[in-house]
Amino acid sequence: MAMVVTEPCFGCKYTDCVVVCPAECFHEGQSMVFIDPEECIECWACVSECPTESIFQQDEVPEKWHDYISLNREMAEQCPKISEKQAPLCQ
Ligand code: SF4
Ligand code: SF4
């Protein structure tokens, strides 16, 4: 069961999450990051690194953010991988 990045990530991109991922699952969209569900090994390392608590296990994504489950899958296919920390877009 993969992890899913949800709405609080939008506009942030602190990217604390990407550096701890051992499987390079993260992809960089314009305003947030996405996790490739095919690559996530469910190690939970990223969850506690995210300062905005954006990352949930797929089964635990709050109802209002269920669209993010398919969005992560779709956007991970389209966006380039990111595995190094970047300066935040806004704080
Ligand atoms: S640390 Fe959290 S808010 Fe920041 S890019 Fe990663 S998932 Fe998004
Ligand atoms: S749970 Fe582990 S493998 Fe999955 S995205 Fe987070 S850090 Fe990467």
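Where does M32 lie?

Author: M32 lies in the loop between β2 and β3. Strands here are DSSP runs of E, at least two residues long, and helices are runs of H or I, at least four long; both are numbered from the N terminus.

Some ground rules come next. This is a predicted model, in which local features need pLDDT of at least 70 and side-chain atom pairs count only at pLDDT 80 or more, while totals for chains, interfaces and linings use all residues. Residues are numbered from 1 along each chain as its sequence is written, with chains lettered from A and ligands numbered from 1 in the order in which they are written.

Is M32 buried or exposed? M32 counts as buried, because it has 23 C-beta neighbours inside 10 Å. The cut-offs are simple: 20 or more other C-beta atoms within 10 Å means buried, 12 or fewer means exposed, and anything in between is partly exposed, with C-beta atoms placed from the backbone. Beyond four places in sequence, M32 is in contact with V5, C9, F10, C12 and K13. Contact means that the C-beta atoms, placed from the backbone, lie within 7 Å. Y14 is 18 residues from M32 in sequence, and their C-alpha atoms are 9.3 Å apart.

C9 and C12 are among the residues that come nearest to ligand 1, along with Y14, C17 and C50. The shell around ligand 1 has 14 residues, each with its C-beta atom, placed from the backbone, within 6 Å of the ligand. Nine are nonpolar, three polar and two charged. Nonpolar covers Ala, Val, Leu, Ile, Met, Phe, Trp, Tyr, Cys and Pro; Asp, Glu, Lys and Arg are charged; the others, Gly among them, are polar.

The largest nonpolar core has 21 residues, and V5, C17, F26, V33 and I35 have the most contacts inside it. Such a core is a set of buried Ala, Val, Leu, Ile, Met, Phe, Trp, Tyr and Cys residues joined through C-beta atoms within 7 Å. β1, α1, β3 and α2 each supply at least two of its residues. Take F26: apart from close sequence neighbours (up to four places away), F26 touches C17, V18, C21, V33, I35, K81, I82 and S83.

C21 takes us to ligand 2. There, 13 residues surround the ligand, and C21, C25, C40, C43 and C46 are the closest. This shell has twelve nonpolar residues, no polar ones and one charged.

Now α2. Its buried residues are Y68, N72, M75 and A76. Residues three or four places apart point the same way, because an α-helix has 3.6 residues a turn. On the other side, D67, S70, E74, E77 and Q78 are exposed. The cover over the buried residues of α2 includes β1, β2 and β3.

D36 sits in the loop between β3 and β4. D36 counts as partly exposed, because it has 19 C-beta neighbours inside 10 Å. Its contacts beyond four places in sequence are C25, H27 and A76.

Terms used. Two residues are in contact if their C-beta atoms, placed from the backbone, lie within 7 Å.
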